[in-house]
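Here is a short report on one protein model. Keep the sequence and the structure in view while reading.

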Amino acid sequence: MKITQVESQVLRLPLNRPITAPLAPGSLPLAGDGPSFGGIRLDHLFMLAVHLDTDAGHRGLGFAYTLGGGGRALKALADADLSPIVLGENPLDHERIGQKVYWRLQTIGRRGLVSQAYSAFDLALWDIKGKAAGLPLHKLLGGARDSAPVYGSDTGWLWMTPDEIVEASRPYIEQGMMGVKIKVGNPRPEIDADRVTRVREVLGEEIWLAVDANQRYDYATALAMGRFFEEDIGVDWFEEPISCEDLAGHIRLRDKLELPIALGETLFGRDEFVKYLDSNAVDILQPDVTRIGGLTEWLKLAAVAETYHRPLAPHLLPEVAVHLACGLPGVTLVEWMPWLTRAFVEPPAIVNGRIVPPPGPGLGLEINPDVATKYQLPS
Ligand SMILES: [Mg+2]
């Protein structure tokens, strides 16, 4: 089998609710200025979609996303640098192709946009593998389960009031989802304390509730808030409490806190995760399929995590995460962030509160042509 054609496009997709880009601890304005709270308002993302055609008639779809910029750069990397490398290759040879890309493009980016753009190609190779085998991806990966627990993740932005968070979260809870994750990291941590207390009170003791600081706390605040979250609220995990570059801080925090520390969305390589694992600085790993360079790299990290007896909770992309969670026993839940959902004809469904993979082979996904036309980034 050979790859005969590569097509790429970048969509500029609006977000369901605006978010704010993370800033350094202590540099945030006070609450109360709506969706621009916390700095730069983000109301869209860029999605790179790649189609690989083969002489066997299989068409592989892969995708990646960036937040805060990089849309045109993704497209340029896909067309000028990556497409010529994969054209003519056998799409089943994902290791050979990955090695070619790594050694050819190493000097312009072992991390970051190069591997983010390549992750779309790598996903498309796995999509083809599933289609060639006539199997949904989760079956190819191991078939651990038929559906997976899922939590809502787009209902607790920093600019939202406690009542708005409760209102937005309620439909997820009523659908039977396990719970929700809300943002913390306010420059006045007492505001976070009030928000989390109120959400816990109204939504109840029994729901799963996690908090995500997006690295906005300094060490002392993270420690104090961590103690509050575990003792007063019963938080299920504390995500990115401090800077992802502060390994020593995470070691100290994890030593002093009982509640699990989750992180990994801003780590861009397996070696970075291994440092956290070797140092006992993390409980739950959250690698992002695109930022780590694709499904191939994600699976290698999953094997490492299993060796360390650490569960994995994929960052975003429920369309891919559902296959990981249904394929591998160590992937324990899926983050429901419906940012790309509108781009697909049939995204994964939530049934009885659990996420279920689409029935088709490979990823089981198809880009909705109307959406692609509407949001295509002009060249
Ligand atoms: Mg996060």
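The centres of domain 1 and domain 2 lie 21 Å apart, taken over C-alpha atoms. The model is a predicted one. Domain 1 covers residues 3–134 + 371–375, and domain 2 covers 138–367.

**The contact between the domains**

Domain 1 puts 43 residues into the contact, and domain 2 puts in 35 residues. On the domain 1 side, several elements each supply at least two residues: β1 (3–20), β2 (41–54), β3 (59–67), α2, α3 and α12 (369–375). The largest share of that side comes from α3, with 13 residues. By class, the domain 1 side has 24 nonpolar, 13 polar and 6 charged residues.

**The largest nonpolar core**

This core holds 104 residues. Five of them touch the most other members: M47, L48, V50, A117 and A120. Helix α3 gives the largest share of the core, 10 residues. Where does the core lie relative to domain 1 and domain 2? Both domains give residues to it, so the core lies between them.

A117 shows the packing in detail. Leaving out residues up to four places away in sequence, A117 touches L48, A64, L74, L77, A78 and L82.

**Helix α2**

Helix α2 runs over residues 94–105. At 1.5 Å a residue, its 12 residues should span 16 Å. The end C-alpha atoms are 16 Å apart, which agrees with that expectation. The buried residues of α2 are H94, I97 and V101. Seen down the helix axis, these buried residues fall within an arc of 70 degrees, so they line one face of α2. An α-helix has 3.6 residues a turn, so residues three or four places apart point the same way.

What do the buried residues of α2 pack against? They pack against α1 (71–86), α3 (113–133) and α10 (295–307). The face turned away from the buried side carries exposed residues: E95, R96, Q99 and W103. Helix α2 also supplies at least two residues of the side of domain 1 that touches domain 2.

**Two leucines with positive phi**

The loop between α10 and α11 (318–327) holds L316. L317 is found in the loop between α10 and α11 too. Neither is a glycine, yet each has a positive phi. The table sets out their values.

| Residue | Phi | Other C-beta atoms within 10 Å | Class |
|---|---|---|---|
| L316 | near 50 degrees | 25 | buried |
| L317 | about 45 degrees | 22 | buried |

A residue counts as buried if 20 or more other C-beta atoms lie within 10 Å of its own. L317 has 22, so L317 counts as buried.

I251 sits in helix α8 (residues 247–256). Is I251 buried, exposed or partly exposed? With 15 other C-beta atoms within 10 Å, I251 is partly exposed. I251 and N280 are 29 residues apart along the chain, and their C-alpha atoms are separated by 6.5 Å. Not counting residues up to four places away in sequence, I251 touches S279, N280 and A281.

Conventions: Residues are numbered from 1 along each chain as its sequence is written. This is a predicted model: local features need pLDDT of at least 70, side-chain atom pairs count only at pLDDT 80 or more; totals for chains, interfaces and linings use all residues. Helices (H or I, at least four residues) and strands (E, at least two) are DSSP runs, numbered from the N terminus. The expected span of a helix is 1.5 Å times one less than its number of residues. A residue is buried if 20 or more other C-beta atoms lie within 10 Å of its own, exposed if 12 or fewer, and partly exposed in between; C-beta atoms are placed from the backbone. The arc is that of the directions from the helix axis to the C-beta atoms. Two residues are in contact if their C-beta atoms, placed from the backbone, lie within 7 Å. Domain bounds come from an automatic or database domain assignment. Ala, Val, Leu, Ile, Met, Phe, Trp, Tyr, Cys and Pro count as nonpolar, Asp, Glu, Lys and Arg as charged, and the others, Gly among them, as polar. A nonpolar core is a set of buried Ala, Val, Leu, Ile, Met, Phe, Trp, Tyr and Cys residues joined through C-beta atoms within 7 Å.
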